[in-house]
Amino acid sequence: MLSSAKCWAGDLVSAFPKHLLAMDDLDAGAIGEVLRVTDSFAEVGRRANPKVPTLRGRTVATLFFEDSTRTRMSFETAAKRMSADVLSFAAGSSAVKKGESLRDTIETIQAIGMDAVIIRHRSSGVPARVASWVEGCAVINAGDGWHQHPTQALLDLYTVRQSLGGGDEGLARFAGLRVTIVGDIRHSRVARSQITAYAALGADVTLVAPSTLLPPSLEGWPVASVSHDLDKVLATSDVVSLLRLQAERGSGEYVPTMREYTAGYALTARRALELPPEAVILHPGPMIRGVEIASEVAELPSARITDQVGNGVAVRMAVLFLLLGQPASLEHMSEPPDSEPIGGPAPEGGPRG
Amino acid sequence: MAERERSHTRPRGGIFVPKAQVMSADDVRRAITRMAHEIAERNRGLHHIALIGLQTGGVGIAQRLADTLAEVEDVEVPVGTVDVAFYRDDIGLRPVLPEATTEIPFDLTGMTVVLVDDVLFTGRTIRAALNALGEYGRAQAVELAVMVDRGHRELPIRPDYVGKNLPTSRDEMVDVSDEGVVIGEVLGR
């Protein structure tokens, strides 16, 4: 007997965006796709020779206008493990120092011919602006000001999904998961990306911070609750995600003293005992032991901080693969025919949207 | 349907319309039994043999071959799976996504590897699989077992063990499952 017609239209991949500028660019389906592809790249990372020919002949540039070790190394390792060529640009040693504008720097980089540009900048919105300038080149936000750091949120999700059993079952267990984000939320692009990411998967996000380290308004943020008392929320936290006090963004001025901050908001050994036994402790790094996290807590098996760093490479491989490894015509296929072309004419140098 | 072929229709998708059943569930079972015997005959004793199923269509067949070998030869043959997405030559030309994770928890150095897939078509998937296997050790030899050889090869690749030779036209599609083999076409591509 003949089986009936099988239909698989649209049941597998949600169209992946052209750029990764903010967590809002990804819906739950696209996040799931990133995490599934990450599983395959994590397997590559476990091999004796952790390199695949996937992005051979593609060129990826990292443009870091702000200091970074782990994010930059992580992106560059990711690109190299996929056999892409990597151009590394540090603002300190470039023509920017001579007064070249961002626009001209990007024009130069595009003239050389890049398939992806990974940008970190101290000003919010720079990656989005760059995305409006480039043609046929994917832009990945590696952290802009207080705004977003989407790959950090994705690697947090991947790490939590691992501790929830991994796979699609682990992904499903995000629904109703109690996530507590502690620390300098006001100045944190990581927190902004995390909140959107966890909420997209159905988790309940609680923010814990002194009111000076919260943004002036939380209107429109997908947050379940806000607390100023860490001790009250520990027992009901499945995930505790700590943030660093960002001295370079002036967060020291928002707390009376570091010791007072530590007394109220650091995850100390005593506080870690209050967590449920299965709880996961995360920190995006760099962590300041003794300020937001006690040294012995960072060494607990439930602290997945080094896993986060390791997972970061695989997650970034997945993001690069999903942005660069798909045909250029893909989005036209999935777009309604009457939609505006993305690369449409933009006013010279002018803002878009 | 090979999941891979299905995936290549993404994101536009399509509808698989079956035209004719060319193998029944019993035919598939008999083909697996015969191929298992052929593997045992050619590789006397089955020492150093490993079965590697291609994700995802070849995985079930590789497992059934291993089960049959355990039954008739009383030898436990190691079974692994390989996903070839990162080794394909059409990355950027067609939507390519990994279907599942590669799992080869043993060193292939010195082994005779039998690659197992459901449908052999252009041979490009097998080319990619050969490159992927190289990462897990230097196999002594690689053989190829497929349930259906549908022709239209684009590379010098031939199977060693075939369930059924099935002449097809290029735009047809072949769906292999435990319930049998169906030939059909995809509408809406």
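**Reading a predicted two-chain model**

Me: Where does A:Thr54 lie in chain A?

Reply: This is a predicted model. A:Thr54 lies in a loop of chain A, between helix H1 (28–45) and strand S2 (59–64).

Me: Is A:Thr54 buried or exposed?

Reply: Count the C-beta neighbours. A residue is buried if 20 or more other C-beta atoms lie within 10 Å of its own. A:Thr54 has 25 C-beta neighbours inside 10 Å, so it counts as buried.

Me: Which residues does A:Thr54 touch, not counting those up to four places away in sequence?

Reply: In chain A, they are A:Met82, A:Ser83, A:Phe321 and A:Gly325. In chain B, they are B:Phe86 and B:Ile91.

Me: Now the sheet in chain B. How many strands form it, and in what order?

Reply: Strands of a sheet pair through backbone hydrogen bonds, either parallel or antiparallel. Here five strands of chain B form an open sheet, ordered S3-S2-S4-S5-S6, with parallel pairing. Strand S3 (79–82) and strand S6 (161–165) of chain B are the edge strands, and each pairs on one side only. On average, neighbouring strands of this sheet are turned by 25° against each other, direction ignored.

Me: How many bridges join S2 of chain B to S3(B)?

Reply: Four bridges join strand S2 (residues 49–54) of chain B to S3(B). Take B:Leu51: its bridge partner in S3(B) is B:Val79.

Me: Which strands does helix H4 of chain B touch?

Reply: Helix H4 (residues 124–133) of chain B packs on the sheet and touches S2, S3, S4 and S5 of chain B. The direction of this helix makes about 155° with that of S4(B). Helix H2 (residues 25–42) of chain B lies across strand S4 (112–120), strand S5 (141–149) and S6 of chain B. H2 of chain B runs at about 150° to S6(B).

Me: At what angle do helix H5 and helix H12 of chain A cross?

Reply: The axes of helix H5 (residues 150–163) and helix H12 (residues 305–324) of chain A cross at roughly 115° and come within 8 Å. The crossing is right-handed. Its contact residues divide into five nonpolar, five polar and three charged.

Me: Which element of chain B has the lowest mean pLDDT?

Reply: Where pLDDT is low, the predicted coordinates should not be read in detail. Helix H1 (residues 3–8) of chain B has the lowest mean pLDDT among the elements of that chain, 48, while S5(B) has the highest, 98. Over residues 7–12 of chain B the pLDDT is below 50. For chain B, the mean is 91, and 92% of its residues reach 70 or more.

Technical notes. Residues numbered from 1 in each chain as written. Chains lettered and ligands numbered in written order. Predicted model: local features only at pLDDT ≥ 70, side-chain atom pairs only at ≥ 80, totals over all residues. Helix = DSSP H or I, 4+ residues; strand = E, 2+ residues; numbered from the N terminus. Buried ≥ 20, exposed ≤ 12 C-beta atoms within 10 Å, placed from the backbone. Contact = placed C-beta atoms within 7 Å. Pairing = 2+ DSSP bridges. Axes fitted to C-alpha atoms, helices over the stretch in contact; angles between N-to-C directions. pLDDT = per-residue confidence, 0-100. Left-handed = near helix turned anticlockwise from the far one by under 90°. Nonpolar A, V, L, I, M, F, W, Y, C, P; charged D, E, K, R; others polar.
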